[in-house]
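Open the model in your viewer and keep the selection tool at hand. The stops below go from one selection to the next.

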Amino acid sequence: MPDTLPFFLNFLHPLLMWALLALSGYALFLGIKAKKTRTADAEQRKELIKGKFGQRHFQIGSIVLAVTVLGSFGGMAVTYLNNGKLFVSPHLLVGIGMVCLIAVAASLSPLILKGNLVARKAHVGLNMTLMTLFLWQAVTGMQIVNKIWTDR
Ligand code: HEM
Ligand code: HEM
């Protein structure tokens, strides 16, 4: 590894992405609560609506979107600075795939808020795929961390 890059920078992306996994889990929780609110009977709805789960989900979701895009490109930047090239690895390809998924899922927001059922179902499907890939990404990501640590 060239001396130009401080060693600790290698751990910025992994730490950020673990935090993002937790935040994405929270977004999922809020999304499920938003659905509960939407489908509840009048009595339950009165209680649930106070939680503002839909708005909170949208806000946290927006942060998840931004950090996914920036964190992913940050990972590529670090790999490039370390090696002068990128490796076409599962972690790179799945990472790029995840950025595409969340971009499309987020772009459906205006339609979802207008009550479009297809957009809503597509949003959930895309983001459930995203969460599944995220777990896989954590595994391959830790394999890279391990390699950087043992090769240092
Ligand atoms: C971690 C990824 C995400 C997951 C797992 C997720 C999941 C969900 C779920 C389960 C719902 C409820 C669907 C229903 O009512 O049937 C929902 C609604 C929604 N999501 Fe997401 N979502 C994610 C990210 C995002 C992002 C990035 C945005 C936009 C920036 C977003 C915007 C919305 C909006 C606007 C709604 C409608 C809320 C309402 O009914 O008031 N979500 N999402
Ligand atoms: C907890 C989960 C994750 C861990 C531990 C992790 C770890 C790593 C590590 C160690 C690198 C090498 C660059 C560096 O030294 O910092 C890397 C690169 C990269 N990561 Fe992650 N990552 C995780 C999640 C993600 C996620 C969720 C995405 C995309 C949404 C992503 C996208 C990328 C990309 C595109 C690269 C550059 C290509 C490569 O080096 O293979 N990572 N990751």
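Start with ligand 2 and select helix H1 (12-39), helix H3 (53-83), helix H4 (90-107) and helix H6 (117-151): each supplies at least two residues of the shell around this ligand. Helices here are DSSP runs of H or I with at least four residues, numbered from the N terminus. This is a predicted model, in which local features need pLDDT of at least 70 and side-chain atom pairs count only at pLDDT 80 or more, while totals for chains, interfaces and linings use all residues. Residues are numbered from 1 along each chain as its sequence is written, and chains are lettered from A and ligands numbered from 1 in the order in which they are written.

Now show the shell itself. Ligand 2 is surrounded by 28 residues, the closest being Met17, Gly75, Thr79, Gly95 and Gly141; a residue counts as near if its C-beta atom, placed from the backbone, lies within 6 Å of the molecule. H6 gives the most, with 8 residues.

Next, select ligand 1. Around it are 27 residues, and Gly31, Lys35, Gly54, Gly61 and Asn127 are the closest. Two or more residues come from each of H1, H3, H4, helix H5 (109-113) and H6. Here H1 gives the most, with 8 residues.

Last, pick Gly71, in helix H3. Which residues is Gly71 in contact with, leaving aside its neighbours within four places in sequence? They are His13, Leu16, Met17 and Leu20, where contact means C-beta atoms, placed from the backbone, within 7 Å.

Notes. Two residues are in contact if their C-beta atoms, placed from the backbone, lie within 7 Å.
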